[in-house]
Amino acid sequence: RVGGVVYQVFVDRFAPPADMTPERKALFPSPCTTHAWAEPPKRGELVAEVGYWSHELQFWGGDLPSLLGKLDYLKDLGTDVLYLQPVCKAYSNHKYDATDYKELDPQYGTMDDFQALAEKAHGKDMKLVLDGVFNHMGKRNACVQEALAADSKEASAKKDWFYLGEKYPLGYKTWGCADNLVELHLESKSIQEYIWRGKESVVATWLKRGADGWRLDVAQEIGFDMLTSITTAAHRHKRGSLVVGEVWAYPARWTAAMDGVLNLHLGVLIYGVTEGKYPGPSAAQSVAGLIDDSSTEEVLRSWIVLSNHDMPRLAHRLPDMQLRKFAQVLQFTLPGCPLIYYGDEIGMAGGDDPDNRAPFQWERATEDNEMLAHTKKLVELRRRLRGLRIGDYRALAAQRLLAFARLTERVSETVVVLANPTEASVEEMVTVPDPRILGYTLFRDELSGEEVRILGATVSVEVKPKTVRIFAMRDESDNPSGAQYKRMFGHWATFPGVRP
């Protein structure tokens, strides 16, 4: 969805299971361990007999039925896209080591549970996006075992699915220095057919089951051509499906290979501005350059990531509440889809893995939670101000502020954002070069309530340190300041028949 709010869920850690019966506990055999919901994860040690770190084998028991019980919370928060980290069968808790791409991990429930989740999410106007880990699979995957056991490609076509041979210390190429992750030889036509091209492929199967799209893990290692092929296939299997990819690179060109990217670049830029390492005016121009290098639509479809399972949480990176709010406002006003990593909205902290993957602290999801209230306010603003969701981006000239406007075809939807990343108050006159905005037009700051008027295409305001002003046009159609828009498209006072 263009401009939608994305919510990322680690199923095992999001909602506590209804009951950890003996039958359920049997799904976590030794050396796996189960833990009480209030117990935080702890970094462990290598379990030599299975080749995993012990914290990869710690489980809290969250599943799809428990997630289903929290859909009202997600709806109330304003979620448009529910993104689930891998749900297919795997050995570890994170499930980025698939042992069967097409099977739902029984630790998470049954296929009926998955289809119920998809149907009820759709009923609440949410899209469901799954995590596609197509760069590597788990060593315990039957496909890997078949390939390793076969004497030749004639004995098993799957030998062509992997990089095998004596030049690899283990007989196969690993990914990420992890012995349990086997890298895929995606140039193989048969593995392409299995994962994304075929009518019964992994991509097609889950889309038919009710998923609406895919987030592709380590997409930059899959490459431009393969990503284009996967995206084209997904669109063929399900019209309107979404494909976005994890890309730790400048987003241009990657955004063209898929529908969009996880805009990690923009997240890093936001942190740089917030922490005083990147001047606001430079950041405004950098975003404009990104759009010039790709397109508005590609950037709007991309997810703005400040926190996820592979990086420190927002509250860990920015323990100061004011700085955290500042960064989040930028995430919700710059072009793209803001991604909320489960628990960030209530201020959960956590550094590197596994600290950033703790169970959701539901006791903190209360009306008096300051971060939750702030998040809901920003979600509501995006829902009410169409310009923040789908508007074009224009950098505004400023000396110290990060200043930009979001513009649509309707003049009344123009939003002017002025952010002060410095340690001192800044008072500036900023030009708003939109010829449709007429003299003496009233704008209101949606965060403070302060009102200003744009005179001669300029606005003069004071912005306090580490704060953001979000100015939206006010309806004055009942007085001359508003009535002057009678022949300007997209205003409350516009005459019928006036076109853009």
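This is a predicted model: local features need pLDDT of at least 70, side-chain atom pairs count only at pLDDT 80 or more; totals for chains, interfaces and linings use all residues.

Q: How much space lies in the largest cavity?
A: About 100 Å³.

Q: And which residues lie nearest its centre?
A: Those are Val87, Cys88, Tyr101, Asp131 and Trp214, out of 15 residues that line the largest cavity. Strand E8 (98-104), strand E9 (127-132) and helix H8 (202-208) are the elements that give two or more residues to that lining.

Q: Which element gives the most to the lining of the largest cavity?
A: E9 does, with three residues.

Q: OK, next one down. What volume does the second largest cavity have?
A: About 80 Å³. Its lining includes Leu306, Leu314, Gln328, Gln331, Tyr341, Met371 and Thr375. By class, the lining of this second largest cavity has six nonpolar, four polar and two charged residues.

Q: Which elements each supply at least two residues there?
A: For the second largest cavity, they are H16, strand E17 (337-341) and helix H17 (370-384). E17 gives the most, with three residues.

Q: H16 and H17 together, then. At what angle do their axes cross?
A: At roughly 20°, and the axes of H16 and H17 come within 10 Å. Angles under 35 degrees count as roughly parallel, and that makes H16 roughly parallel to H17.

Q: Is that crossing left-handed or right-handed?
A: H16 passes H17 in a right-handed crossing.

Q: Which residues meet there?
A: From H16 you have Met321, Arg324, Lys325, Gln328, Val329, Phe332 and Thr333. They meet Glu370, Met371, His374, Thr375, Leu378, Val379 and Arg382 in H17. The residues of this contact divide into six nonpolar, four polar and four charged. Gln328, Met371 and Thr375 also turn up in the lining of the second largest cavity.

Q: Which other helix has an axis that comes within 10 Å of the axis of H16?
A: Helix H12 (residues 264-274) does. The axes of H12 and H16 (residues 321-333) cross at roughly 140°.

Q: So what do you call that angle, parallel or oblique?
A: Oblique. Over 145 would count as roughly antiparallel, and at roughly 140° H12 and H16 are therefore oblique to each other. Their crossing is right-handed.

Q: Which residues in H12 and H16 meet?
A: Ile270, Val273 and Thr274 are the ones in H12. Across from them, H16 puts in Leu323, Phe326, Ala327, Leu330 and Gln331. By class, this contact has six nonpolar, two polar and no charged residues.

Q: Switching topic: pockets. What volume does the largest pocket have?
A: About 710 Å³. There are 29 residues lining that pocket, and Glu56, His94, Ala178, Leu181 and Asp353 lie nearest its centre.

Q: Which strands each supply at least two residues of the lining?
A: For the largest pocket, strand E4 (52-53) and strand E12 (178-183) do. E12 gives the most, with four residues.

Q: And how do the lining residues of the largest pocket divide by class?
A: They divide into eleven nonpolar, nine polar and nine charged.

Q: Last topic: the backbone. Which peptide bonds are cis?
A: One of them runs from Ser30 to Pro31, with omega near 15°. Pro31 is found in the loop between helix H2 (22-25) and strand E2 (33-34). Another cis bond goes from Asp353 to Pro354, with omega near 10°.

Q: Where does Pro354 lie?
A: In the loop between E17 and H17.

Q: What about Lys95: is its phi positive or negative?
A: Phi of Lys95 is near 65°, a positive value in a residue other than glycine. Lys95 lies in the loop between strand E7 (88-90) and E8.

Key
Residues are numbered from 1 along each chain as its sequence is written. Side-chain values use heavy atoms; hydrogens and water are left out. Axes are lines fitted to C-alpha atoms, for helices over the stretch in contact, and angles run from 0 to 180 degrees between N-to-C directions. Angles under 35 degrees count as roughly parallel, over 145 as roughly antiparallel, 65 to 115 as roughly perpendicular and the rest as oblique. A crossing is left-handed if the near helix is turned anticlockwise from the far one by less than a right angle, and right-handed if clockwise. Contact means heavy atoms within 4.5 Å. Ala, Val, Leu, Ile, Met, Phe, Trp, Tyr, Cys and Pro count as nonpolar, Asp, Glu, Lys and Arg as charged, and the others, Gly among them, as polar. On a 1 Å grid over the protein atoms alone, a cavity is a set of points where a 1.4 Å probe fits but cannot get out, and a pocket is an open set with protein on both sides within 12 Å along at least five of seven lines; lining residues have an atom within 4 Å of a point. Grid points are joined across faces, edges and corners, and a volume is the space filled by probe spheres set on the points.
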